[in-house]
Amino acid sequence: MRLVRIINTPKPILYSIDYGTGQGSELKKVFSEWNDIEYLENFFNKNVFDLNQYDKNTYTIDKAIEITLKEANKFEEILHHYANDGVKDTDKKLQSLFHPLNNNDTNIYSLQKSKAKPNHKSWLRLYAIRIAEHLFVISGGAIKLTWRMDEREHTRLELQKMDRTRDYLKEQGLLDEKDFEYIEMG
Amino acid sequence: MAVRDVYKKIEEIAEDDGSWLEEARYRKENRYWLRKSQRIAIRVLVTLRERGMQQKELAEQMGVSPQHISKIVKGKENLTLQTISKLEQILGITLFQIPDFPKRDEEPFSGEYQTKERVEMPELCEPDYEFSEETEINKRIKQKELENAGIAYY
């Protein structure tokens, strides 16, 4: 397990975990899957029941693949732009991308589970652990078709990966003093 | 143990790995043809599933390796016309079509094709495959292609 740089100029803001599976960083793996037609066709066929329930719409498999490709491209464009040009106004940009995993969580704290999606209706998710202000580590990603993550095996796995990443970051001493004090105070 | 400068600390631990950025750049630079490859892959996979046909069978009929078919159905292969034509013939579907030129009594889209050769050798301009019926989408695409004199994919 290792930590790899994604965006670190002009300042460090985005990293990804590489679990050592041979598929590279989680960010690379996720975008590779979201651009792999065979993977997507298998996924939507396996989860066709959830697809039919999603957003009260009926999506055909080929339509679902088309939507995924379009949104994945959009998502990757945003990150690619940040990685190439740097994030000049981190306050607005990165903050608008990542949110607490739990929708009811109004506090922001160190080692908090977080998520990002290309638009509010999208089923694509990047999952990350927030280390400090504008500093995130991507732990994985998924196509989330159900309301809760623990309802399906592939999203349950993402919860486990977030736990594992959080433990690893804690072991590495990546706890922000400012945020840590905030937690201590409750 | 919390640290004072977590940004400095993470830079000490992290390693360089430009592979995602490299792939993202490749996808961006090749988006136009990759999009076509992906659409062909969708059509091939949906057809295989509908017919209960394995990729291995398709590979055998095409006389190519299963690895080649695997690349095609991932939507990452820069397909040749020969490969597209084989897929069309074996699966009995249309994946690629060159639009017909406008009829002579229609408003021409440009003067480029109003040549003597065009009139005398219409067979050169005929598509390889005809639609069994004129669907709405085909009509729309044909209209668009007549404007652009480009190539249509289905």
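This is a predicted model: local features need pLDDT of at least 70, side-chain atom pairs count only at pLDDT 80 or more; totals for chains, interfaces and linings use all residues.
**Exercise 1.** Work out whether the end-to-end span of helix α3 (residues 31–51) of chain B agrees with its 21 residues.

*Solution.* Take the expected span as 1.5 Å times one less than the number of residues. For the 21 residues of α3(B) that gives 30 Å, and the end C-alpha atoms are 30 Å apart, so the two agree. Helices here are DSSP runs of H or I with at least four residues, strands are E runs of at least two, both numbered from the N terminus.

Residues are numbered from 1 along each chain as its sequence is written, chains are lettered from A and ligands numbered from 1 in the order written, and side-chain values use heavy atoms, leaving out hydrogens and water.

**Exercise 2.** Find which strands pair with β6 of chain A, and in what sense.

*Solution.* Pairing takes at least two DSSP bridges between the strands. Start with β2 (residues 14–18): it runs parallel to β6(A) over 3 bridges, with A:L14 bridged to A:F136. Next, β5 (residues 124–132) is antiparallel to β6(A) over 8 bridges, and A:L126 sits opposite A:G141. The β5(A)–β6(A) hairpin has 2 residues between its strands, and A:H134 takes a positive phi near 60 degrees there.

**Exercise 3.** Decide how enclosed β6(A) is.

*Solution.* Count buried residues (under 20% relative accessible area, 1.4 Å probe, protein chains only). It's 9 of the 9 in residues 135–143, so the strand is largely enclosed by the rest of the structure.

Key: Buried means under 20% relative accessible area, exposed over 50%, partly exposed in between (1.4 Å probe, protein chains only).
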